[in-house]
Amino acid sequence: MAETGTVVKSTGSQYVVRANDGSLHTCRIKGKMRLDDIKSTNPIAVGDNVLFEDESTSADEDGSIIELLERRNYVVRKSTNLSKQTHILAANVDQAILVATINFPVTTPVFIDRFLASAEAFGVPVIIVFNKVDRYGQTHLDELEEFKKIYTGMGYEVIETCAKKDIGLDRVKEILKDKVSVIAGHSGVGKSTLINRIEPGLNLRTDDISETNNSGKHTTTHAEMHKFSFGGYIIDTPGIRGFGITNIEKEEVAHYFRDIFKISNECQYNNCTHLHEPGCAVKLAVQEGRLPLSRYQSYANIIQTSEAKYR
């Protein structure tokens with residue numbers, strides 16, 4: 001008999017589904033399941049609600065997913081391997097926690113802005129966490145203050161943390177309580193360490209960043225949902241090297257840059273791309289210092305590299 005459940009782990013070919021009674025079932029996608037309209041590398045993602053049948057076909061598998069139920073939202077990026085396909089990081093989430101670091105390793109403004117724009121497009125609120133603040137020198141602290149000014153000015157909450165010294169963890173725990181959250185960021189920014197400090201019993205695997213290239217080693221290999229003892233769930237995702245925008249029309253990109261969209265109402269032309277048109281209020285705002293150059297560069301980068309996909 002078919003029953004509903006939530007995907008809590010995905011390895012690419014197998015899925016662990018948590019049934020409504022809390023039991024776990026290792027499933028594969030049933031051959032007859034319609035996937036024609038799904039253009040992602042992972043047609044079913046952690047957080048998805050599915051209909052599955054408990055079949056107990058073998059010692060390793062005990063069910064088949066027969067239907068993907070409607071998604072409330074999802075966090076998606078362009079697949080790194082197949083440029084025309086997408087990769088869904090998580091589905092049906094209340095919020096995304098984007099973990100960034102000024103250094104050790106570097107998280108660029110372009111990466112942050114792409115993540116924010118994609119999440120905005122698909123209706124996922126984002127909290128930005130700048131981790132490893134104990135390692136920042138004065139130059140890094142100045143950069144951090146500039147980041148905070150930019151993103152809090154747009155209405156995003158920005159939290160400073162140090163997982164190893166418990167800085168800011170109380171606030172992170174507050175926002176995670178009773179919510180379904182996805183945590184994302186580059187490898188090495190300390191996502192798993194952060195979760196482990198908040199919920200020590202999870203014992204997620206961690207590793208130091210590479211000393212040779214100051215980048216992170218991949219410790220989380222597959223997305224997985226974990227339950228917090230204090231209420232709520234966290235979806236831990238593998239580290240992301242780059243974040244490609246997908247499934248957004250070029251003309252819509254500005255809509256998902258909160259600051260640019262607000263200023264664009266003053267442009268001379270309704271269909272202004274903010275790149276070359278006369279009377280562009282966005283370009284004027286950059287010249288006058290009312291719009292951060294980094295934000296405009298991130299926007300222009302998406303448009304000019306044609307990463308915004310026409311449907």
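Good morning. The protein chain has seven helices and 13 strands; helices (H or I, at least four residues) and strands (E, at least two) are DSSP runs, numbered from the N terminus. This is a predicted model, in which local features need pLDDT of at least 70 and side-chain atom pairs count only at pLDDT 80 or more, while totals for chains, interfaces and linings use all residues. Residues are numbered from 1 along each chain as its sequence is written, and side-chain values use heavy atoms, with hydrogens and water left out.

Let me begin with the chain as a whole. Of its 311 residues, 50% count as buried, where buried means under 20% relative accessible area, exposed over 50%, and partly exposed in between, with a 1.4 Å probe and protein chains only. Among contacts between residues at least 6 apart in sequence, 65% join residues at least 24 apart; contact means heavy atoms within 4.5 Å.

I turn now to a pair of helices. The axes of helix α3 (residues 169–176) and helix α4 (residues 191–198) come within 10 Å and cross at roughly 85 degrees. These axes are lines fitted to C-alpha atoms, for helices over the stretch in contact, and angles run from 0 to 180 degrees between N-to-C directions. The two helices are therefore roughly perpendicular to each other; angles under 35 degrees count as roughly parallel, over 145 as roughly antiparallel, 65 to 115 as roughly perpendicular and the rest as oblique. On the α3 side the contact is made by Leu 169, Val 172, Lys 173 and Leu 176, and on the α4 side by Leu 194, Arg 197 and Ile 198.

How many residues of α4 are buried? Six of its eight are, and the helix is mostly covered. The buried residues are Lys 191, Ser 192, Leu 194, Ile 195, Asn 196 and Ile 198. Their cover includes β8 (95–100), β9, α3, β11 (180–184) and β13 (233–236).

Strand β9 (residues 126–130) also runs parallel to strand β10 (residues 157–160), and four bridges join them. Two strands pair if DSSP finds at least two bridges between them. Phe 130 has Glu 160 of β10 as its bridge partner.

Finally, consider Phe 257, in the loop between β13 and α5 (258–264). Phe 257 is buried, with a relative accessible area of 0%. Leaving aside neighbours within four places in sequence, Phe 257 is in contact with Asp 113, Ala 117, Arg 295, Ser 298, Tyr 299 and Ile 302. The C-alpha atoms of Phe 257 and Tyr 299 are separated by 7.7 Å, and these residues are 42 apart along the chain.
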